[in-house]
Amino acid sequence: MRTLLGATGVLTLSLAAMPALAQDSADEPAFDGVYIGGSFGRSVQNNDIGETILFDRGSNGSFGETITTPAGANAFSPGFCNGAATSNLNNSCANDKDGYEYYARLGADQQYGKWVIGAVAEFGKSNVRDSVSAFSTTPAFYTMTREIDWNAALRARAGYVAGQSTLFYGTFGGAYAKIDRSFTTGNTANSFTLNDDDDAFGWQAGGGVEQKFGRNFSIGLEYLYSRYNDGDGRVRVGQGTAGATNPFVLAGGADFARSDSKFAFHAIRLTGAVSF
């Protein structure tokens, strides 16, 4: 009789505990812990119409000056274009290049009720190329180009869990890019030296939605804006084989710089992650 009652008591206790265990499993935080993953998407640059090249006569740091002909006219009166020149005339420029991007990421989240805070680190590349061209009365073109070799970021993120497994979040943090710069010209008389200091720092901001499937896998859609401070690119002009009446020779040499030091672009990407 004691054995039967004992067994019944054990059975009753086990049945009573099952709903509580199931409830504990359902209430387990979906976004809690370390994860690894990646993203793939499209990078699109800002519309930087109106960008020009600035000139520093004599290479003394005073950008914004005018390079003049022997007659005193503006040697760059044909103007500028946003893009890479395709001829010595300013009516032919190729558009800036937008492209695909790909990144690996490592992150960690902590969920408090419905709220999530965390951090994510990324490393990868955005395939974007940004050019600006100037045109002289020679005629000749002068094109400055920059593109990203690779970039990385460390961002915070915070969000709210809708239901049990859908996270809406915002993200913000610092970013670094290794910049490839180049210079091309139709001027074959003067000499040109590119100062290629390729480090650029900046920031990123955006947001997204992430859906958890099971306990360890999630996919998402993310928007991200990246902006790098790229004000170090310079081109120094020397005499080369040019004569004494060459506008750059008359100026005592010159430096080129882009009028816009911001290298910025938008991205829409798909994300995926495996959590531990």
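**Aromatic pairs, cores and pocket lining in a predicted model**

At 1% relative accessibility, Leu167 counts as buried (buried means under 20% relative accessible area, exposed over 50% and partly exposed in between, with a 1.4 Å probe and protein chains only). The model is predicted, so local features need pLDDT of at least 70 and side-chain atom pairs count only at pLDDT 80 or more, while totals for chains, interfaces and linings use all residues. Residues are numbered from 1 along each chain as its sequence is written, and side-chain values use heavy atoms, with hydrogens and water left out.

Leu167 is found in strand 10 (helices, H or I with at least four residues, and strands, E with at least two, are DSSP runs numbered from the N terminus). Not counting residues up to four places away in sequence, Leu167 touches Phe31, Val116, Arg157, Gly159, Tyr160, Val161, Gly208, Val209 and Glu210 (contact means heavy atoms within 4.5 Å). Leu167 and Ala30 are 137 residues apart along the chain, and their C-alpha atoms are separated by 9.1 Å.

Arg157, one of the residues that Leu167 touches, lies in strand 9. With a relative accessibility of 5%, Arg157 is also classed as buried. With neighbours within four places in sequence left aside, the contacts of Arg157 are Tyr35, Asp109, Val116, Ile117, Gly118, Leu167, Tyr169, Gly170, Thr171 and Glu210. The charged end of Arg157 sits over the ring of Tyr169, at 4.6 Å from the ring centre (this requires NZ of Lys or CZ of Arg within 6 Å of the ring centre and within 35 degrees of the ring normal). Between Arg157 and Gly41, 116 residues apart in sequence, the C-alpha to C-alpha distance is 19 Å. A further charge is placed over a ring by Lys212, which lies over the face of Phe31 at 5.3 Å from the ring centre.

Lys212 and Phe31 also belong to the lining of the largest pocket: 24 residues line this pocket, and Pro29, Ala30, Phe31, Lys212 and Arg215 lie nearest its centre. On a 1 Å grid over the protein atoms alone, a pocket is an open set of points where a 1.4 Å probe fits, with protein on both sides within 12 Å along at least five of seven lines, and lining residues have an atom within 4 Å of a point. The volume of the largest pocket is about 370 Å³ (grid points are joined across faces, edges and corners, and the volume is the space filled by probe spheres set on the points). Two or more lining residues come from each of helix 1 (2-26), strand 1 (33-45), strand 12, strand 13 (217-229) and strand 16 (262-275). Strand 16 gives the most to this lining, with 3 residues.

The largest nonpolar core has 17 residues, of which Ile67, Phe76, Phe248 and Phe256 touch the most other members (a nonpolar core is a set of buried Ala, Val, Leu, Ile, Met, Phe, Trp, Tyr and Cys residues joined through side-chain atoms within 4.5 Å). Strand 2 (53-57), strand 8 (129-136), strand 9, strand 14 (234-238) and strand 15 (254-258) each give two or more residues to this core. Its largest share, 3 residues, comes from strand 9. Beyond its neighbours within four places in sequence, Phe76 is in contact with Phe55, Ile67, Ala134, Phe135, Ser136, Tyr142, Phe248 and Phe256. A second, separate core of 10 residues includes Val128, Ala175, Ala200 and Phe263.

Phe76 is also a member of an aromatic cluster formed with Phe55, Tyr142, Phe183, Phe192, Phe248 and Phe256. Rings of Phe, Tyr and Trp (its six-membered ring) pair if their centres lie within 6.5 Å; planes under 30 degrees apart count as stacked, over 60 as edge-to-face and the rest as tilted. By this rule there are 20 aromatic pairs. The Phe123 and Trp150 pair is tilted, because the ring centres are 5.4 Å apart and the planes lie at 40 degrees. Phe123 is in strand 7 (residues 115-126) and Trp150 in strand 9 (residues 140-162), 27 residues apart. Phe123, at 49% relative accessibility, is partly exposed, and Trp150 is partly exposed at 29%. Phe172 and Trp203 also form a tilted pair, with 6.1 Å centre to centre and 35 degrees between the planes. Phe172 lies in strand 10 (residues 166-185) and Trp203 in strand 12 (residues 199-213), so this pair ties together parts 31 residues apart in sequence. Phe172 is exposed at 51%, whereas Trp203 is partly exposed at 31%.
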